[in-house]
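Hello,

Here is the structure I promised to pass on. Please have it open while you read my notes below.

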Amino acid sequence: MVKRNNDILDHASLAPNIIKPAEIVRLPSHMDSHEHHYTQVVIGLKGQSEFDVGGVGNRVGPGQGCVVTSGLDHAFGGIVDQPDILVLNMPLPSDDDPVLLQRINELSKSKTYFQLDIQIQKLIQMLVAEMKSSPDDLLLSRACNDTVVALLQRHISELKTSLRDSRFDLEQIDRYIDQHLAHKISVAQLAGSVFWGRVSSICCSKSS
């Protein structure tokens, strides 16, 4: 059974066979990573999160988002708190639906990270409120996906990628590999472990 926290799905409790068209997800406070065979659109709702999509990293906050193309390794996690995001899971493209196929292709070719304008942010806030009140309504989930995806390209601008320090902590990478020798390790996981360690250090230094 999927656990809920105020009608928000915890990322760790998402089963692979449960894929809603749109869902509100609470990210972990640590870096995690995976890949999947379908394209996702991620939109920040609350708090700040870190994303690394295909080796390109950025912060995603409310009114910002990113496009995760199918099959692309990506790492993600919250900064300090556990942020909430809206995830739009795109269906697999089919020649039987040329309009949807064109829209997915447009998203895949767009910039990885984007900024939403105020108009669509207000619409998303309304849709999210409805989804929170009826979390099991699949028709509502599909309508949310269709509405946001149909309007997205008209209401986004490029979100500049945050620059990162190019120096890697090789000792930290070695430690991560030693701790996960029994499992397959992706490049995104290694990048996530190094990036999250650097973010944690920055947060600690700012609080002291």
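The expected span is 1.5 Å times one less than the number of residues, and helices (H or I, at least four residues) and strands (E, at least two) are DSSP runs numbered from the N terminus.

Please keep in mind that this is a predicted model, where local features need pLDDT of at least 70 and side-chain atom pairs count only at pLDDT 80 or more, while totals for chains, interfaces and linings use all residues. Residues are numbered from 1 along each chain as its sequence is written, and side-chain values use heavy atoms, with hydrogens and water left out.

Back to α3: its buried residues are L140, S141, C144, N145, V148, V149 and L152. They cover an arc of only 155 degrees around the axis, so they sit on the same side of α3. That arc is taken from the directions from the helix axis to the C-beta atoms. Buried means under 20% relative accessible area, exposed over 50%, and partly exposed in between (1.4 Å probe, protein chains only).

At the start of α3, a side-chain oxygen of D137 comes within 3.1 Å of the backbone nitrogen of L139. Such a polar contact is a pair of N or O atoms within 3.5 Å; within protein, one must be able to donate a hydrogen and the other to accept it, and residues adjacent in sequence count only if both atoms are side-chain atoms.

N145 has a relative accessible area of 4%, so it counts as buried. The side chain of N145 reaches the backbone oxygen of P21 at 2.6 Å. Beyond its neighbours within four places in sequence, N145 is in contact (heavy atoms within 4.5 Å) with P21, A22, L88, N89 and M90.

The buried residues of α2 are I120, Q121, I124, L127, V128 and M131. Seen down the axis, these fall within an arc of 125 degrees, so they line one face of α2. On the other side, I118, Q119, K122, Q125 and S133 are exposed. The cover over the buried residues of α2 includes β3 (22-26), β5 (40-46), β10 (84-89), β11 (113-116) and α3.

H155 is in the loop between α3 and β12 (156-158), and it counts as buried at 13% relative accessibility. The side chains of H155 and D117 are joined by a polar contact of 2.8 Å. I118 and H155 are 37 residues apart in sequence, with their C-alpha atoms 8.5 Å apart in space.

The protein chain has five helices and 12 strands, and 40% of its 208 residues count as buried.

On confidence, the mean pLDDT (the predictor's confidence in each residue, from 0 to 100) is 76, and 66% of residues reach 70 or more. Confidence is highest in α2, at a mean of 97, and lowest in strand β1 (residues 4-5), at 46. pLDDT stays under 50 over residues 1-6, and also over residues 165-169.

Best wishes
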